[in-house]
Amino acid sequence: MLFNIKRVGEAGLTKVPTRFKVHWQSCDKGGVMAVSESREKNGSERIFADIVEEIANGSYASGERLPTEHIFKEKYGVSRNTIRSVLNRLAALGLIETKRGHGSYVRQAGPNVSLTTLAPSLIFQQHHLVDILEFRKGIEVYAVRLAAQRCSEDDIKKLHACLKRMKNNLENMQEFQQADKDMHLIFARASKNAMFISMLEIVYNVLTVELSTMLHKQGKDIDSYFYHRSIVDCIEAGKPDEAAFMMEKHLSLIIDRVRASSGK
């Protein structure tokens, strides 16, 4: 095992395994070293590999429901957020499908699964959130432009239903985020472009945990409802340029806030 050598106050040298995160706090009698093992990240990789292997070898058959988040949490001894992150990655790869209120199911292989090979770095590498949001912006600005030209009456009804859910949950960030995600996917579907639909489904599966954390810290909506309502109005009125402009402003503000909070 490799060690880093650190000095703690006047207590001499202490060996600390490199797999630990080390935090220092000063006190009157020298120094106090608080050591916390970074298990969550390593744990998520192990859980991800385990589930992929079990899908590949048939332990989880096509169409079979996976164990619940709680069962996985107890099995691996990690947080529920870690389990959700793993399931989101599996969904982004097209290996599983998550049905709200019904759990996650192993998917059959198909064209949508192979599409994920277009974005392997998005799934497997730990990109900064800003990088993913900029990638998302590049897709969504044009997607709403097409949506304003191609949307159906059913698309408009679904968008208004999402707006109503957002308005009713301006201070309930869990429900607000779900309505937000649903609306952006409807924007993509209203574009009638299969590539936009599939790529945005991948992006949102990757972003779910990060966006949930950000909105939870935010506590309540700042201006998302305003921009979503404006985009829906532009799409309904058949104004592609205006819809694209409002989406660009909305996503640029989100990126600016993430940059400000992360220092990037």
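Trainee: Why does Glu 69 count as partly exposed?

Mentor: This is a predicted model, and in it Glu 69 has a relative accessibility of 25%. Buried means under 20% and exposed means over 50%, with partly exposed in between. The value of 25% falls in between, so Glu 69 counts as partly exposed.

Trainee: What makes the pair Glu 69 and Arg 80 a salt bridge?

Mentor: Their closest N and O atoms are 3.8 Å apart. The rule asks for a side-chain nitrogen of Lys or Arg within 4 Å of a carboxyl oxygen of Asp or Glu, so the pair qualifies at 3.8 Å.

Trainee: Which side chain meets that of Arg 84 in a salt bridge?

Mentor: The side chain of Glu 69 does, at 3.0 Å from N to O. Arg 84 lies in helix α3, and this pair ties together parts that are 15 residues apart in sequence.

Trainee: Is Arg 84 buried or partly exposed?

Mentor: Arg 84 has a relative accessible area of 34%, and is partly exposed. Arg 80 is also partly exposed, with a relative accessible area of 34%.

Trainee: How do you know that Glu 140 and Arg 136 are separated by about one helical turn?

Mentor: They are 4 residues apart in helix α6, which covers residues 129–150.

Trainee: Why do Glu 140 and Arg 136 count as buried?

Mentor: Glu 140 has 1% relative accessibility and Arg 136 has 2%. The cut-off for buried is under 20%, so Glu 140 and Arg 136 both count as buried.

Trainee: Which residues do salt bridges that share partners join into one network?

Mentor: Glu 69, Arg 80 and Arg 84 are joined in this way. By the same rule, the count comes to 15 salt bridges.

Trainee: Why is Asp 223 called buried?

Mentor: Its relative accessibility is 16%. That is under 20%, so Asp 223 counts as buried. Asp 223 lies in the loop between α9 and α10. Leaving aside neighbours within four places in sequence, Asp 223 is in contact with Leu 253 and Arg 257.

Trainee: Which helix supplies the largest share of the lining of the largest pocket?

Mentor: Helix α9 does, with 11 residues. The lining has 46 residues, and among those nearest the centre are Asn 88 and Lys 181. The lining divides into 14 nonpolar, 20 polar and 12 charged residues. The volume of the largest pocket is about 1600 Å³.

Definitions and conventions
Residues are numbered from 1 along each chain as its sequence is written. This is a predicted model: local features need pLDDT of at least 70, side-chain atom pairs count only at pLDDT 80 or more; totals for chains, interfaces and linings use all residues. Side-chain values use heavy atoms; hydrogens and water are left out. On a 1 Å grid over the protein atoms alone, a cavity is a set of points where a 1.4 Å probe fits but cannot get out, and a pocket is an open set with protein on both sides within 12 Å along at least five of seven lines; lining residues have an atom within 4 Å of a point. Grid points are joined across faces, edges and corners, and a volume is the space filled by probe spheres set on the points. Helices (H or I, at least four residues) and strands (E, at least two) are DSSP runs, numbered from the N terminus. Ala, Val, Leu, Ile, Met, Phe, Trp, Tyr, Cys and Pro count as nonpolar, Asp, Glu, Lys and Arg as charged, and the others, Gly among them, as polar. Buried means under 20% relative accessible area, exposed over 50%, partly exposed in between (1.4 Å probe, protein chains only). Contact means heavy atoms within 4.5 Å.
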